[in-house]
Amino acid sequence: MKISTGIVLSSNMSPHPPTRVVLLSCGSFNPITHMHLRMFEIAKDYLHKMGNCTVIGGIISPVHDGYGKNELISSTHRVEMVKLALQNHDWVKLSDWECRQESWSKTKQVIQYHQNHLNALFNQYCENDQCDVNENELKWIPDVKSDTRTPIKVKLLCGADLLESFGTPGLWADEDLEEIVGRQGLVVVTRMNSNPSEFVYNSDLLTKYMGNIAIITEWITNEISSTKIRRALRRSESVRYLLPDKVLEYIYKNCLYGSQRT
Ligand SMILES: Nc1ncnc2c1ncn2[C@@H]1O[C@H](COP(=O)(O)OP(=O)(O)OP(=O)(O)O)[C@@H](O)[C@H]1O
Ligand SMILES: NC(=O)c1ccc[n+]([C@@H]2O[C@H](COP(=O)(O)O)[C@@H](O)[C@H]2O)c1
Ligand SMILES: [Zn+2]
């Protein structure tokens, strides 16, 4: 039996509105570099070209000091540097929520917090006829006024090395990965010496959810890394043009990473 729904779809129409996505980048940002900022641009372009979601904003969430990674400087400085880097950014904002917690939070919790928080803000915004003070909390989202009712999905934006850390024994719980990859979704940018497609192929769990993993080849390759920037600073070598000038100014002013003005 053929049931007619009465809905006529042309070849480029979808029955669902595009998913509204906020990209969340979690990491040390020790310090933030131009590549951290580039990742958002690369990911947004790619996802829009794929056509099934709209990236409405991005969030950078520096990790809590309790993460205890080697050479990790205080979150007070790391947060301040992200703030400076995003000063004039039109769609990505800093979240210091992670740093303000009592201890390190698992990434699953960080994603969940931001998704719940954003959806709650949008709900209030709709209920209050879109003119409430909450507008202030949402004003970093450029298109805040359009389509405020489709729920927001927070996807984890990362480099291929973070994806590959999923294979480090004991570092990520399978149930967390089920949640992060299976329910939320992952956006991975390629990085030198990594092969994210092969990594996904080798993992049963990731293969199960490969429809939720966007792997984006960055053709304009560069290997800026915070490690290399810290190393150069220690050696009094120039790191200009690898990170925002204001961030570099802050590093010199506070003599971070053993730096001396070059
Ligand atoms: N050059 C790059 N290409 C692709 N992804 C990157 C690049 N630099 C950083 N990332 C990604 O940005 C996120 C935050 O990274 P992180 O703060 O660890 O930067 P990093 O440069 O890798 O620093 P470190 O050298 O201290 O580990 C991670 O998902 C990481 O994979
Ligand atoms: N189980 C987990 O949720 C888990 C494990 C390891 C790292 N992480 C996160 O991944 C990011 C890794 O950052 P780095 O690449 O700077 O080490 C951090 O935000 C950290 O909190 C999460
Ligand atoms: Zn790293």
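Modeller: Here it is; note that this is a predicted model.

Colleague: Which helix gives the most to the shell around ligand 1?

Modeller: The shell around ligand 1 has 19 residues, and the closest are Gly27, Cys158, Gly159, Ser226 and Thr227. At least two residues each come from strand 1 (19-27), helix 1 (34-50), strand 4 (152-159), helix 6 (160-164) and helix 10 (226-234). The one that gives the most, with three residues, is helix 1.

Colleague: How many charged residues are in the shell around ligand 2?

Modeller: Ligand 2 is surrounded by 13 residues, the closest being Cys26, Gly27, Ser28, Lys106 and Thr107. Strand 1 and helix 4 (107-127) each supply at least two residues of that shell. By class, the shell around ligand 2 has six nonpolar residues, three polar ones and, as charged residues, four.

Colleague: Why do the buried residues of helix 10 line one face of the helix?

Modeller: The buried residues in helix 10 are Ser226, Ile229, Arg230 and Leu233. An α-helix has 3.6 residues a turn, so residues three or four places apart point the same way. Seen down the axis of helix 10, the buried residues line one face because they fall within an arc of 100°.

Definitions and conventions:
Residues are numbered from 1 along each chain as its sequence is written. Chains are lettered from A and ligands numbered from 1 in the order in which they are written. This is a predicted model: local features need pLDDT of at least 70, side-chain atom pairs count only at pLDDT 80 or more; totals for chains, interfaces and linings use all residues. A residue is near a molecule or strand if its C-beta atom, placed from the backbone, lies within 6 Å of it. Helices (H or I, at least four residues) and strands (E, at least two) are DSSP runs, numbered from the N terminus. Ala, Val, Leu, Ile, Met, Phe, Trp, Tyr, Cys and Pro count as nonpolar, Asp, Glu, Lys and Arg as charged, and the others, Gly among them, as polar. A residue is buried if 20 or more other C-beta atoms lie within 10 Å of its own, exposed if 12 or fewer, and partly exposed in between; C-beta atoms are placed from the backbone. The arc is that of the directions from the helix axis to the C-beta atoms.
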